[in-house]
Amino acid sequence: MNRIEQVFKNKNNRVLNVYCTAGYPKLDSTLQVMQALQEGGADLIELGMPYSDPLADGPVIQHSGSIALSNGMTIATLFKQLKDFRKTVTVPVILMGYMNPVMQYGFEKFCADAAAVGVDGLILPDLPQYEFETEYGVIIKKYGLDFIFLVTPETSEKRVKELDALSTGFLYAVSSSSTTGNDKDFGAVETYLQRLKNLQLKNPVLVGFGIKDKQTFESASKHSNGAIIGSAFVKALENSSDIKADTKRFIANVLS
Amino acid sequence: MKQTFTSPDTKGYYGKFGGAYIPEMLHRNVEELQSKYLEIMYEKGFRDEFNALLKDYVGRPTPLFLAERLSKQFNTNIYLKREDLNHTGAHKINNAIGQVLLAQRLGKKRIIAETGAGQHGVATATVCALKGIECIVYMGVKDIERQAPNVARMKMLGAKVMPATSGSQTLKDATNEAIRDWINNPTDTHYVIGSVVGPHPYPDMVARFQSVISEEVRWQLKEKTGSELPTHVVACVGGGSNAAGAFYHFLDEPQVQLVAVEAAGLGVNSGHSAATTQLGTAGVLHGSKSIVMQTEDGQVVEPHSISAGLDYPGIGPLHAHLFDSGRGKFLSATDDESVQAAFNLCKLEGIIPALESAHALAGLNQLQLKEKDVVVLCLSGRGDKDLATYMKRMDA
């Protein structure tokens, strides 16, 4: 059983996945942030690889990516930083990023290096289903990585089932059709999550986009297995002078 | 669907390039377009309305003009396809009309667009004014500063110009912002992409709307020379919409040499260039797999060209395929060569070309043209918007 499966086996509700940007706020803070997230109580970590043109992300995460890039972060540097991270971090880690930098690094080499350092899964929002099925999925599987697809309230029932069948680890339910960091009415979101629940999917469902505090985390968890916090945490680190303390305080507030 | 140069396969691939590399949030909108665009575009009512507007509103057909003094200079026969004489001053309006009519048939109430130099923004704002539809145009903060007249035109036409403040604050970032707007407004909005870029079906759809250029060239050339086929078709390429339109009905005529001229900026190897096929590698940008100017780490780089319309770090997947397969000949012209070519055209033919089109003109110097050759050059736009740049060069 892999690490992601283990998490959902031990805990099928209020699973907290927190997103952080590699190389942000400082080039060398990646590991420190991950350790603090684990100590604070995050169940999974989604580690964002910065990209110049992150279409699915809102301004907060894009800004953190710009800072990380100007700090000198690259995929090659990230794998160096992650070389020994399994000595201190035991929670599952999912790399999130965009196709272009991964293709440039070499898709297969990327999967091989990710698996070698101990990464558990991938989220590549602009890798389409067709290309996954015809070209890339087999490479991802070859290295034992999970691949997590996104679904939105606009995704048809038929397509949700297809994407659930292709996903391993969990399914990422985008709470509303929006870029990350946007506020939306949560009532409509609850209806949508209930609809997903009724489909009896094979994967656990984590809700992302618009989850920012205890209240939104609780609401999302009510109808799913847990939630993903991104922009709100990135913002909390923006002017942090004590990453460890600020990270723990942030997580404590969400889980209180 | 069988893949040819004029139509990609069902997944939107031209050879290795194309596809729809989009996040799930765009899936429904893009799939809706994929499943309906051809049916709508070739429905009779649509064709009739589109053609009537092109004729009576845009002023088509645009002339095919034998530039005699320019021809003499090159000791050949050069015909200028006068897209600069279209309403709003460039070929961009062909596509803007097509997509706005299509959006109406899809029941969309709100139009968004990206623009670099402002030509596509002005064209879209124009058609939205004509049809009484809300129009929002995303434009990089830097471009808003350097293209003030077009910003004023869009505002006068009733469009809202939204500054793109992220990233490098130019065309690629305006495109990112427009895509984000579309993600955030998934039901009522159509995104009018201005070039043959973006996820499938945009490259094919835009090429088809622009194909009116080469459709006219064929019968016009037949009238003038007795043959529908020139020896060369020359056009500038940024994303590549005027080139796609000018090449389209010649793509499957192998005896016609298709010549694409990219912007070399200060020189291909100067570090300030937009010559994508020479400097780029395979990658994914704005929803399709193509050739992209990027760093070793896969970060998209900011290109440079004196022409804001060619200042783009990618190229449409059709053009990437033309380059990769050898069907197209790709040249590049520097800022200086293009400005010189523009002044040359003014002097010889009394036509002030857009800086974009000036690159196509500069490309003529690199072709070994023969006396019997028949060259069609797409004069994609007029140069009024570039007067400040030209004046600076004249004084220098």
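In chain B, 73% of the contacts with a separation of 6 or more are between residues 24 or more positions apart. Please keep in mind throughout that this is a predicted model.

I'll stay with chain B for the moment. Its secondary structure comes to 16 helices and 14 strands. The C-alpha trace spans about 55 × 45 × 40 Å along the principal axes. Does the radius of gyration of chain B agree or disagree with a compact globule? It agrees: a compact globule of 396 residues would have a value near 21 Å, and chain B has 19 Å. As for burial, 60% of the 396 residues of chain B count as buried.

Next, the domains. Chain B is divided into two, and each is made from two stretches of sequence: domain 1 takes 14–53 and 92–206, while domain 2 takes 61–90 and 210–395. The C-alpha centres of domain 1 of chain B and domain 2 of chain B are 22 Å apart. Where they touch, domain 1 of chain B gives 38 residues and domain 2 of chain B gives 35 residues.

UniProt, in an unreviewed entry, lists Lys92(B) under "modified residue: N6-(pyridoxal phosphate)lysine". Is Lys92(B) buried or exposed? Lys92(B) is buried, because 30 other C-beta atoms lie within 10 Å of its own, and the cut-off for buried is 20 or more. Leaving out residues up to four places away in sequence, Lys92(B) touches Gln119(B), His120(B), Ala123(B) and Gly194(B).

Now the contact between the chains. It takes 28 residues from chain B and 31 residues from chain A. The elements of chain B that give two or more residues to it are helix H1 (27–41), H8 and strand S11 (281–285). H8(B) has the largest share of that side, with 6 residues. The chain B side divides into 12 nonpolar, 10 polar and 6 charged residues.

Last, chain A. The UniProt annotation "active site", again from an unreviewed entry, covers Glu46(A) and Asp57(A). Glu46(A) lies in strand S2 of chain A, residues 44–48. Asp57(A) is placed in the loop between S2 and helix H3 (59–70) of chain A. How many C-beta neighbours does each have inside 10 Å? Glu46(A) has 25 others within 10 Å, so Glu46(A) is buried. Asp57(A) has 30, so Asp57(A) counts as buried too. Setting aside residues up to four places away in sequence, Glu46(A) touches Asn17(A), Val18(A), Tyr19(A), Ile94(A), Met96(A), Ile123(A) and Ile228(A).

That is the end of the talk.

Note on methods:
Residues numbered from 1 in each chain as written. Chains lettered and ligands numbered in written order. Predicted model: local features only at pLDDT ≥ 70, side-chain atom pairs only at ≥ 80, totals over all residues. Domains from an automatic or database assignment. Contact = placed C-beta atoms within 7 Å. UniProt positions renumbered as here; feature names shortened; annotations may be inferred. Helix = DSSP H or I, 4+ residues; strand = E, 2+ residues; numbered from the N terminus. Buried ≥ 20, exposed ≤ 12 C-beta atoms within 10 Å, placed from the backbone. Rg over C-alpha atoms; globule rule 2.2 N^0.38 Å. Nonpolar A, V, L, I, M, F, W, Y, C, P; charged D, E, K, R; others polar.
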